[in-house]
Amino acid sequence: MSRDQKAGTAQSLLHNDLFSLAGKTALVTGATRGIGLAVAWQLGRAGARLVVSSEDIQATRDTAAVLRDAGIEAHAVPADLSCQPDVVELATQALAQLGRIDVLVCNAGVAPHLGPIASASDADWDLTLTVNLRSSVWLARHLLPAMAAQGGGSVILMASIAGVRGNKALGLYGISKAGLAQLARNLAVEWGPSNIRVNAISPGVIGTEFARPLTDNPEVMQRRLALTPLRRVGRPEEIAALALLLAAPGGAFISGQNIIVDGGTTIGDGN
């Protein structure tokens with residue numbers, strides 16, 4: 001193969017239609033940092049027009065501005081996902097700004113309680129389950145009928161490996177994330193006939209601000225990495241790459257799955 005042919009092949013891979021979101025739109029929650037920000041960048045670079053959201057008004061506006069500076073159409077719609085009227089308004093504004101939603105990424109999450117489940121307060125339960133789980137139900141309720149009417153789309157719920165095994169400190173968080181994985185299965189069955197795919201992603205420890213209580217603790221990380229075959233934490237862009245696949249034509253036959261991205265932590269035996 002000549003140098004020109006190799007260059008042409010490389011260029012065609014970069015513009016592979018299987019991973020193109022040209023002409024598509026996406027709403028990403030928790031989009032101002034960490035995994036959510038990485039997902040917004042990947043979807044935008046693939047051609048999607050975006051609505052980015054978080055509870056921080058200024059950070060949401062700043063994120064949209066940075067994306068626009070990079071040539072990505074991005075609209076800022078801040079919302080407090082613990083408040084149902086805010087979530088309904090987010091869905092309404094996203095449709096108004098973009099005209100349609102092809103990809104919904106429910107990434108926002110909180111972990112206000114660390115420790116045994118019995119020590120979690122009612123307020124901890126309410127906040128965790130509302131932001132991490134119920135807000136995704138609210139968004140689906142308001143956006144999936146329109147998605148079905150336009151011919152289909154993709155929903156991506158950000159779960160966690162805390163939802164697939166027991167936890168000493170993250171039990172309440174894990175319950176909410178296990179609920180997201182089950183929500184993905186239920187919605188996939190309910191909306192599959194309308195060509196809507198619904199999947200969950202369950203990251204392991206990813207190098208984000210959210211994970212710093214773990215990554216800043218050398219003893220905890222030494223134990224965790226010893227149980228992880230790849231012997232490292234993940235990067236936000238590695239989760240975002242999977243989100244792009246699930247949003248794009250290349251993932252068009254994947255639905256109802258909870259895909260674990262953890263460097264092998266949940267299958268490792270500590271050797």
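Residues are numbered from 1 along each chain as its sequence is written. Because the model is predicted, local features need pLDDT of at least 70 and side-chain atom pairs pLDDT 80 or more, while totals for chains, interfaces and linings use all residues, and side-chain values use heavy atoms, leaving out hydrogens and water.

**Salt bridges**

Let's start with the charged pairs. Side chains of opposite charge can pair when their charged atoms come close. Here a salt bridge is a side-chain nitrogen of Lys or Arg within 4 Å of a carboxyl oxygen of Asp or Glu, and the whole structure holds 5 of them.

| Pair | N to O distance |
|---|---|
| Arginine 49 and glutamate 73 | 3.5 Å |
| Arginine 100 and aspartate 102 | 2.8 Å |
| Arginine 235 and glutamate 238 | 2.9 Å |

Arginine 49 and glutamate 73 form a salt bridge. This pair links distant parts of the chain, 24 residues apart: arginine 49 sits in strand E2 (residues 49–53), and glutamate 73 in the loop between helix H3 (57–69) and strand E3 (74–76). Helices (H or I, at least four residues) and strands (E, at least two) are DSSP runs, numbered from the N terminus.

How covered are these residues? Buried means under 20% relative accessible area, exposed over 50%, and partly exposed in between (1.4 Å probe, protein chains only). Arginine 235, at 40%, is partly exposed, and so is glutamate 238, at 26%. Salt bridges that share partners join Arg232, Arg235, Glu237 and Glu238 into one network.

**Helix H2**

Helix H2 (residues 34–45) has 12 residues; at 1.5 Å a residue they should span 16 Å, and the end C-alpha atoms are 17 Å apart, which agrees. That expected span is 1.5 Å times one less than the number of residues. Among the buried residues of H2 are Trp41, Val39 and Leu43. Just after H2, glycine 47 takes a positive phi of about 110°.

Asparagine 195 is not a glycine, yet its phi is positive, about 65°. Asparagine 195 lies in the loop between helix H6 (171–191) and strand E6 (196–203). Arginine 231 also has a positive phi, near 60°, and is found in the loop between helix H8 (218–226) and helix H9 (236–247).
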